[in-house]
Amino acid sequence: MPAPKQTTRRSLLVTSAVLSSLALAAPAAVAAPKPSDSPSASASPSATPPASMSSVGGARLGRPGTQVNLASGVPVLPKDVSARSWIVADAETGDVLAAHNAHWRLAPASTLKMLFADTLLPKFPSDTKHKVVPADLAGIGAGSSMVGIKEEETYSVHDLWLGVFLRSGNDAVHVLSAMNGGVENTVKAMNEHAEELQALDTHVVSPDGYDAEGQVSSAYDLTLFARSGMQKKDFREYASTVSAKFPGQTKKGKKGKKVRESFEIQNTNRLLAGDSDVPVYEGIAGVKNGNTTNAGATFTGVAERGGKVLLVTVMNPEKPEHNEVYKETARLFDWGFKAAGKVQPVGELVPPRGTAQAKPGANPSGEAGGSGDGGSGTAGTGSKPVASAPAADGSSGIGIALGITGGVLVLLAGGAFLVNRRWPLPDLVRRRTRP
């Protein structure tokens, strides 16, 4: 079957205003101890979580074991979840519906790229061009996932981010880091941004998530990264892109003329793209997966059903089954959608430091590295996919929420429905279909 000519997206039909509105003020953050500099800090941990963990988001989230408020009418948690750490949270309210060792510091693998993207996306407009030099690709870890970037070839920032999100390309991460002043500067910026987000379990050593001594994060922190990243329109579009064309190497054609080929890349998020033993999850819209020797398999996903938007993070399932991290994520999503509105939360996702409730009439932008007008993105071609209708550029705008809730989510430049919130948000609104 021929590769599509345009980037294919599963449009995230979840507005940022709804996605991150916070109903409650965050409790004072309690920092966890700094990670050890010893090799054991990044080595595979024991099967036993530490007795004392961070209590950011609530005291129960710092306790080892499963935390959930089961009561009459609340479905029982799935029994076949083997992950060392996981969390199920309502992306709209920030409520943590259930968690298991939420603050256990573990190797994060490529899910750390969510923090990388949330930190660097505002730095460069998507149409910025960069010619890759050998130094840009220095220091990439052996066995890294790669998108196939070639030295002396020119790529747009848009191309590079597709490589990061779809193929988890460490080569794309290193090129973007080089554009940002180098790996060391990028790591510093990521650590600072993690602290700003109150992701205090996280210590970044390598911007691509490659196993490194002392590099750790947690299911709680990864969920914060996803929630923060989803404020940005271009982050949402990249994270929900299923497949795209990626620039190849320039070669001489039949008549001696230089021709640059392209090839198709597909998102390695199996709940988004599907696999032989994992169907596309109904309502899925991103976010990021990872897998390394120390981390095992890790994944953070966002999905919408029945008007509810959930975030689920799963770290290091102990079952050796193929695609187990996606299977366990799907089970937790299923539980979360059944439990939402019935179960009392065990904690909350805290907002970034220094955030304040938006004033009525505010019109902050959700764009990263772009215009800041809230009306057009920097990640795509300028089209605005509408639920279950083709976009203006011919790409497919797949209406996740339309098929599930009967509602249509669209991007509007004006007439915003303002929500009381504690985090500046893009001018995006939810509009329901009318009879």
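Ground rules. Numbering starts from 1 along each chain as its sequence is written, and side-chain values use heavy atoms, with hydrogens and water left out. Because the model is predicted, local features need pLDDT of at least 70 and side-chain atom pairs count only at pLDDT 80 or more, while totals for chains, interfaces and linings use all residues.

Overall fold, then. The protein chain has 10 helices and 16 strands (DSSP runs numbered from the N terminus: H or I of at least four residues, E of at least two). Of its 435 residues, 57% count as buried, meaning under 20% relative accessible area with a 1.4 Å probe, protein chains only. Take contacts (heavy atoms within 4.5 Å) between residues at least 6 apart in sequence: 70% join residues at least 24 apart.

H2 covers residues 113-120, and eight of its eight residues are buried.

Now the largest pocket. Its volume is about 520 Å³, the space filled by probe spheres set on the grid points, joined across faces, edges and corners. A pocket here is an open set of points on a 1 Å grid over the protein atoms alone, where a 1.4 Å probe fits, with protein on both sides within 12 Å along at least five of seven lines. Lining residues have an atom within 4 Å of a point.

Which residues lie nearest its centre? Ser-110, Asn-289, Gly-290, Asn-291 and Thr-292, out of 31 lining residues. Strand S9 (284-292) supplies at least two residues, as do S10 (296-305) and helix H9 (324-339). S9 gives the largest share, five residues.

Terms used:
Buried means under 20% relative accessible area, exposed over 50%, partly exposed in between (1.4 Å probe, protein chains only).
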